[in-house]
Amino acid sequence: MTDQAPRSGGTRARRRPRGEQLMVPRAEFRSYYGRPVIKAPSWAARDIAGYFFLGGLAGAGSVLAAGAQLTGRTTLAAAMKVSSLAAVSLSAAALINDLGRPARFAHMLRVLKPTSPMSVGSWLLGGYGPAAGAAALCAVTGRLPRAGAAATAAAAVLGPAVATYTAVLAADTAVPAWHGAHRELPYLFAASATAAASGMALVLAPAQESAPARCAAVLAAVADSVAVRAAERRLGMVAETYREGRAGRLLRGAQVLVGGGAALAALGGRRRAAAVAGGLALLAGSACTRFGVFAAGLASAEDPAYTVLPQRAARGLLPSQ
């Protein structure tokens, strides 16, 4: 392998100011036999990116449900409890589908390994799912209110971890676009989850109970934008994977949808049509964020330039241009 600047087509070209003449032939970066330096994850985008999105919706929804219950917004609380149960059920189904056999998920619960995000995440889902289910069941039937309150509290306590542990899971890999943003990715996933939960609340809840969801939507939009920019600054040249190709289109769409949805939620007041439109935009934007981050990870793993050159540049091993 050569320690030189990459170009496009499996490699990347370093931009130069307009009018500057190239004095030497453009250097190329090649890996052995043109193969990726690391093995890209074999995860299916529909299953795992969907699992990321649905888990975030469920976890953040449980927090919003607990807050609604404490403030007497019973319709909003019940709606978010049911939506969180549906989301975590679909999330688990997507994970099991990617694993291939349901028994594989059960096997991950045989031991608890605190140093493994996958092991911790499996136990989080194992504890959160029953709590979310009990909270939704009590809310729908109106029975066992004390048990329902306890289950709601338990789901709210576990909810933030359920919404963000997938960011730790992704960052724990060797994939450059994920590992390089290991500090910012949990914040981005938290903001995206909050956007999804507030969007669901705006769609399902009556206008007179949606004030907390409108506030959460605005905060989520700001946090989402800040987290993406911070991740791009830290990633350096690898940030190209967040701006180009399918990932770039998805993440730009996410910014427009989340920002537009938050604006509709904030400016629409109690108008039902504006609330529903804003909520749907927030849900779609959150999904685009998760699928965009997933696509960026795959792109960075498939191009050897993003795997080796950032490491060599950080160590001062690249020749001057």
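**Figure 1. Surroundings of V293 in the predicted model.** Leaving aside neighbours within four places in sequence, V293 is in contact with W178, L185, L188, F189, Y242 and L251. The model shown here and in the legends that follow is a predicted one. V293 is also among the residues of the largest nonpolar core, a set of 73 residues, that touch the most other members, and the others named in this way are Y51, M80, W178, L185 and Y242. The largest share of this core, amounting to twelve residues, is contributed by helix α1.

**Figure 2. The aromatic cluster of Y51, F52 and F189.** Ring pairs link Y51, F52 and F189 into a cluster, and the count of aromatic pairs in the structure comes to three. One of these is the pair formed by Y51 and F52, which is tilted, with 6.0 Å from centre to centre and 45 degrees between the planes. Both residues of that pair, Y51 and F52, are buried. F52 also pairs with F189, again in a tilted arrangement, with 5.8 Å from centre to centre and 55 degrees between the planes. Because F52 lies in helix α1 (residues 45–70) and F189 in helix α7 (residues 185–204), this pair ties together parts that are 137 residues apart in sequence. F52 has a relative accessible area of 2% and is therefore buried, the limit for that class being under 20%. F189, at 1% relative accessibility, counts as buried as well.

**Figure 3. R290 over the ring of F189.** R290 lies over the face of F189, at 4.2 Å from the ring centre.

**Figure 4. S84 and its contacts.** S84 lies in helix α2 (residues 74–99), where this serine is buried, with a relative accessible area of 1%. The side chain of S84 reaches the backbone oxygen of A58 at 3.1 Å. When neighbours within four places in sequence are left aside, the residues in contact with S84 are L57, A58, G61, S62 and Y128.

**Figure 5. A155 in helix α5.** A155 has its place in helix α5 (residues 145–171) and, at 3% relative accessibility, counts as buried. Not counting residues up to four places away in sequence, A155 touches S62, Y128, A131 and A132, of which S62 and Y128 are also in contact with S84. A155 and A58 are 97 residues apart in sequence, whereas their C-alpha atoms are 9.4 Å apart in space.

**Figure 6. L144 in the loop between α4 and α5.** L144 is found in the loop that runs between α4 (117–141) and α5, and at 60% relative accessibility this leucine counts as exposed. Although L144 is not a glycine, it has a positive phi of about 50 degrees. Most residues other than glycine have a negative phi.

**Figure 7. A223 in helix α8.** The place of A223 is in helix α8 (residues 211–235), where this alanine is partly exposed, with a relative accessible area of 35%. A223 and L188 are 35 residues apart in sequence and 7.4 Å apart in space, C-alpha to C-alpha.

**Figure 8. The cysteines C138 and C215.** The structure holds zero disulfides. C138 is buried, with a relative accessible area of 14%, whereas C215, at 51% relative accessibility, counts as exposed.

Figure 9. The protein has twelve helices and zero strands, and, read along the sequence, follows the pattern α-α-α-α-α-α-α-α-α-α-α-α. Of the 321 residues in the protein, 47% are buried. Among the contacts with a separation of 6 or more, 75% are accounted for by residues 24 or more positions apart.

Note on methods
Residues numbered from 1 in each chain as written. Predicted model: local features only at pLDDT ≥ 70, side-chain atom pairs only at ≥ 80, totals over all residues. Heavy atoms only, no water. Phe/Tyr/Trp six-rings, centres within 6.5 Å; stacked < 30°, edge-to-face > 60°. Buried < 20%, exposed > 50% of the residue type's maximum accessible area, 1.4 Å probe, protein only. Helix = DSSP H or I, 4+ residues; strand = E, 2+ residues; numbered from the N terminus. Lys NZ or Arg CZ within 6 Å of the ring centre and 35° of its normal. Disulfide = S-S within 2.5 Å. Core = buried A, V, L, I, M, F, W, Y, C linked by side-chain atoms within 4.5 Å. Contact = heavy atoms within 4.5 Å. Polar contact = N/O pair within 3.5 Å; in protein donor to acceptor, adjacent residues only side chain to side chain.
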